[in-house]
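I opened this entry to record what I looked up in the model, from the overall fold down to single residues. The sequence and structure come first.

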Amino acid sequence: MEYPKEGVIWPVVPDVAKPFYKGMQQHKVLIQQCLACKTFQAPGRITCDHCGSNQLEWVEAKGTGTIYSYVVFHRSFHPYYDDKVPYTVALVELDEGPRVMGHIETNSGQEYNVGSSVRACYKTIDKNELLYFQVTDGDKS
Ligand SMILES: [Zn+2]
């Protein structure tokens with residue numbers, strides 16, 4: 001399969017998850033909260049995973065959490081990433097509970113691991129804002 005030399009391949013987003021991506025464009029991490037049991041979930045779904053209610057609303061998460069798991073890509077699987085390896089993609093457990101995927105942005109040499117604290121940040125790629133996480137371990141703020 002031949003990928004285009006420019007640009008990124010974007011996911012096909014189901015309607016129920018679109019607010020998450022629209023929030024990203026406004027630098028907000030939007031997750032769903034069940035009005036019946038107050039559980040948070042992401043990505044967006046039609047019903048609550050915990051109690052089955054369909055009474056869900058989108059709320060803004062704090063954007064902070066910890067690395068639950070991550071992978072470091074040392075090989076590019078798309079021309080866009082040829083000059084970006086190595087890069088890290090993590091599954092981040094938000095402080096509210098749900099887990100979301102995002103690239104990890106570090107200051108050069110900054111170490112991180114499972115359990116490291118992170119904060120949402122954003123990067124403009126192909127005119128879209130993409131969710132990244134910045135490692136905040138050791139930050140005084
Ligand atoms: Zn519920």
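**Fold and numbering**

I counted 1 helix and 8 strands in the chain; helices (H or I, at least four residues) and strands (E, at least two) are DSSP runs, numbered from the N terminus. The model is predicted, and local features need pLDDT of at least 70, side-chain atom pairs count only at pLDDT 80 or more, while totals for chains, interfaces and linings use all residues. Residues are numbered from 1 along each chain as its sequence is written.

I read the order of elements from the N terminus as α-β-β-β-β-β-β-β-β. The C-alpha trace spans about 45 × 40 × 25 Å along its principal axes. Of the 141 residues in the chain, 18% are buried; a residue is buried if 20 or more other C-beta atoms lie within 10 Å of its own, exposed if 12 or fewer, and partly exposed in between, with C-beta atoms placed from the backbone. I then looked up contacts, which are pairs of residues whose C-beta atoms, placed from the backbone, lie within 7 Å. Among contacts with a separation of 6 or more, 48% join residues 24 or more positions apart.

**Barrel**

I found that 5 strands close into a barrel in the order E4-E5-E6-E8-E7, with mixed pairing; two strands pair if DSSP finds at least two bridges between them. Neighbouring strands of this sheet are turned by 45 degrees against each other on average, direction ignored. Axes here are lines fitted to C-alpha atoms, for helices over the stretch in contact, and angles run from 0 to 180 degrees between N-to-C directions.

I went through three of the pairings.

- Strand E5 (residues 87-94) pairs with strand E6 (residues 99-105) in the antiparallel sense over 6 bridges, and glutamate 93 has arginine 99 in E6 as its bridge partner.
- Strand E4 (residues 64-73) is joined to E7 by 3 bridges and runs antiparallel to it; threonine 64 is bridged to arginine 119 in E7.
- E7 and E8 are antiparallel and share 8 bridges, with tyrosine 132 in E8 as the partner of cysteine 121.

E7 and E8 also form a hairpin with 2 residues between them, and aspartate 126 in the turn has a positive phi of about 50 degrees. Helix H1 (residues 18-25) lies across strand E7 (117-125) and strand E8 (128-135), at about 80 degrees to E8.

**Domains**

I noted domain 1 (12-60) and domain 2 (62-141), with bounds that come from an automatic or database domain assignment. Their C-alpha centres lie 21 Å apart. The contact between them takes 8 residues from domain 1 and 12 residues from domain 2. On the side of domain 1 that touches domain 2, H1 and strand E2 (40-41) are the elements that give two or more residues.

**Core**

Which residues touch the most other members of the largest nonpolar core? I found Val29, Ile31, Ala90, Val92, Leu94, Val118 and Phe133, out of 16 residues. Such a core is a set of buried Ala, Val, Leu, Ile, Met, Phe, Trp, Tyr and Cys residues joined through C-beta atoms within 7 Å. Strand E1 (30-34), E5, E6, E7 and E8 each supply at least two residues of this core. The core also draws at least three residues from each of domain 1 and domain 2.

Lastly, I looked up valine 118: not counting residues up to four places away in sequence, it touches Gly65, Thr66, Ile67, Val92, Phe133, Gln134, Val135 and Thr136.

Note on methods:
Contact = placed C-beta atoms within 7 Å.
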